[in-house]
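Hi there,

Here is the structure I promised to pass on. Have a look first, and then read my notes below.

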Amino acid sequence: MSTSHDELKVKPSWAFLFSHPAHFLSFGFGAGLFPRSPGTAGTLVAFPMYWYLAPRLSDALFILVLIWAFAIGVWVCDKTGRELGASDYGGIERDEIVAFMLVLFFTPAGFVWQLLAFSLFRFFDIWKPEPIRHFDKTWHGGLGVMFDDILAAAYALLCLALIKSVIT
């Protein structure tokens, strides 16, 4: 459920992003300002973050970082959405970043698997099959923004697991 620029209290810009750390984090360090497909741009931000963090953290610590990132995401997305006047504005990308980092954590090693994971995650994030669509429409604020992408991540991971079981 994205809102058009015309319905916003504030027009997103670099000045808006740098006006508060919450805006910078929720807009995926600027990825949310991409004029076309900001969700794809936000999802792409997860790759370098994952590639940097995964080899440096234990699995348990990585999961804790994701939980922390999710919790912070609820707050920053809520704050940014309130200031924009749209709880789930299309440029808010923190949800894609955290959810896709979760997908990458469970994705088999290799570029082809990661590309497939990216494609599946974007497919489910855009299509929003049930119950994703239900939560996208009924849960608002930061938790709603973050939660529906976790569901899209779950669908992507289920598909990856099924594909892996069939080909191995």
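Just after helix H4, Gly-85 takes a positive phi of about 85°. Helices here are DSSP runs (H or I, at least four residues), strands are E runs of at least two, and both are numbered from the N terminus. Before you go further: this is a predicted model, where local features need pLDDT of at least 70, side-chain atom pairs count only at pLDDT 80 or more, and totals for chains, interfaces and linings use all residues. Residues are numbered from 1 along each chain as its sequence is written, and side-chain values use heavy atoms, with hydrogens and water left out.

Back to H4 itself. This helix covers residues 59-84, which is 26 residues, and at 1.5 Å a residue they should span 38 Å. (The expected span is 1.5 Å times one less than the number of residues.) The end C-alpha atoms of H4 are 36 Å apart, which agrees.

Which residues of H4 are buried? They are Phe-62, Leu-66, Ala-69, Gly-73, Val-76, Cys-77, Thr-80, Gly-81 and Leu-84. Buried means under 20% relative accessible area, exposed means over 50%, and partly exposed is in between (1.4 Å probe, protein chains only). The cover over these residues includes helices H1 (14-17), H2 (21-26), H3, H5 (94-106) and H8 (141-167).

Now for how H4 sits against H5. Two packed helices are described by the angle between their axes and the distance between the axes. The axes of H4 and H5 come within 9 Å and cross at roughly 165°. That makes H4 roughly antiparallel to H5. The cut-offs for such angles are under 35 degrees for roughly parallel, over 145 for roughly antiparallel, 65 to 115 for roughly perpendicular, and oblique for the rest. (Axes are lines fitted to C-alpha atoms, for helices over the stretch in contact, and angles run from 0 to 180 degrees between N-to-C directions.) On the H4 side, the residues in contact include Phe-62, Leu-66 and Val-76, while H5 brings Val-98, Met-101 and Phe-105, among others. Contact means heavy atoms within 4.5 Å.

His-23 lies in H2, and it is buried because its relative accessible area is 0%. His-23 and Thr-80 are 57 residues apart in sequence, but 5.5 Å apart in space, C-alpha to C-alpha. Leaving out residues up to four places away in sequence, His-23 touches Phe-16, Leu-17, Lys-79, Thr-80 and Glu-83.

Next, the aromatic rings. Rings of Phe, Tyr and Trp (its six-membered ring) pair if their centres lie within 6.5 Å; planes under 30 degrees apart count as stacked, over 60 as edge-to-face and the rest as tilted. By this rule there are 20 aromatic pairs. In one of them, the rings of Phe-24 and Phe-29 have centres 5.5 Å apart and planes at 70°, so the pair is edge-to-face. Phe-24 is partly exposed at 25% relative accessibility, and Phe-29 is partly exposed at 34%. Phe-47 and Phe-100 also pair edge-to-face, at 5.2 Å centre to centre with 75° between the planes. Phe-47 lies in H3 and Phe-100 in H5, so this pair ties together parts 53 residues apart in sequence. Phe-47 counts as buried at 10%, and Phe-100 counts as buried at 0%. Ring pairs link Phe-47, Trp-51, Phe-100, Phe-118 and Phe-121 into a cluster.

Cheers
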